[in-house]
Amino acid sequence: MELVGTVAVGLTRLFGSVEPDGLSSLPLRGPAIVAVNHTTIADVPPVLATLYRAGLRPSVPCHRDGCGVTHGHVRFMASSLVFANPFIGPLARQAGMIEVGGRQAGAAALRAAFDALDRGEVVGIYPEGDVSATPDGSPRRFRFGVGRLAAESKAPVVPVAHHDARRIGSGSTARSLGGALTSIVRRPTIKLRVGKPIVPDEFTGLPLRDVVELIQDRVTDVWRSVSGESLPRLDLDQKEKPL
């Protein structure tokens with residue numbers, strides 16, 4: 001039984017609603033990478049619920065009739081903190097999520113993600129790596145893991161952005177949970193849009209830094225389109241981070 005999508009739908013209905021757009025661009029089969037902006041732990045349920053209701057289930061492939069045609073599956077990369085949580089950890093494992101830890105564990109996580117892409121699966125990733133959001137919720141600098149996945153697997157990257165899940169809850173886990181409880185009354189609406197895929201021809205042969213910048217720009221463009229904000233391009237002159 002695919003629990004995570006069902007739980008995400010239930011939580012999203014409890015805490016608010018989602019206005020989705022562009023869902024036809026979601027891949028039902030891989031190899032493909034879904035790159036999503038990340039502003040708060042509270043954005044996970046609406047993202048997973050939207051993908052699930054669009055037919056892209058957060059779980060390992062079922063290989064049943066219609067798998068990859070009428071519905072698909074996505075395996076998200078998630079922090080080791082998620083796996084360590086006594087409540088969320090079992091759900092992450094049940095969904096086949098890929099654990100991301102420190103530098104050595106990060107390399108192992110990338111290998112697991114490459115293996116999944118090699119098997120023709122869809123891999124989901126939050127390229128920012130954490131939830132220390134900017135004041136306006138705009139995407140922060142992406143880490144290099146998403147660029148490595150795209151460049152080495154030559155899988156298309158589907159940019160997904162939402163705004164503003166922080167209205168459900170934000171900050172520390174305790175503050176996010178407190179905000180989520182009040183959102184039952186406030187009923188915030190989260191906007192989410194799926195952009196057109198970035199095809200391999202657009203990044204094949206580019207330096208890793210440029211691949212990351214391309215993906216960053218596309219996700220940011222999608223975010224701009226749902227938030228109504230206008231932002232300068234980010235300077236990615238940074239030290240490399242593995243994931």
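Predicted model: local features only at pLDDT ≥ 70, side-chain atom pairs only at ≥ 80, totals over all residues.

I looked up Glu121 and found it buried, at a relative accessible area of 9%. My cut-offs: buried is under 20% relative accessible area, exposed is over 50%, and partly exposed is in between, with a 1.4 Å probe and protein chains only.

Residues are numbered from 1 along each chain as its sequence is written, and side-chain values use heavy atoms, with hydrogens and water left out.

Next I checked what Glu121 pairs with. Arg75 makes a salt bridge to Glu121, with 3.6 Å between the closest N and O atoms. For the record, a salt bridge here is a side-chain nitrogen of Lys or Arg within 4 Å of a carboxyl oxygen of Asp or Glu. Arg75 sits in strand β4 (residues 72–79) and Glu121 in the loop between α5 (103–118) and β6 (122–125), so this pair ties together parts 46 residues apart in sequence. Helices (H or I, at least four residues) and strands (E, at least two) are DSSP runs, numbered from the N terminus. Arg75 counts as buried too, at 15% relative accessibility.

I then counted: the structure holds 7 salt bridges. One of them joins Asp115 and Arg111, closest N and O atoms 3.4 Å apart. Both lie in helix α5, 4 residues apart, about one turn of the helix. Asp115 is partly exposed at 31% relative accessibility, and Arg111 is partly exposed at 44%.

Another is Glu202 with Arg218, at 2.3 Å from N to O. Glu202 is in the loop between β8 and α8 (208–227) and Arg218 is in helix α8, so the pair links parts 16 residues apart in sequence. I get 31% relative accessibility for Glu202, partly exposed, and 26% for Arg218, also partly exposed. Back at Glu121, I noted that salt bridges with shared partners join Arg75, Arg119 and Glu121 into one network.

Last entry, strand β7 (residues 157–163): 7 of its 7 residues are buried. Val157, Pro159, Ala161 and His163 point one way, while Val158, Val160 and His162 point the other. Which strands does it pair with? I found β2 (residues 32–36), parallel, over 4 bridges, and β8 (residues 189–194), antiparallel, over 4 bridges. Pairing needs at least two DSSP bridges between the strands. Pro159 is the bridge partner of Ala35, and Val160 stands opposite Val194 in β8.
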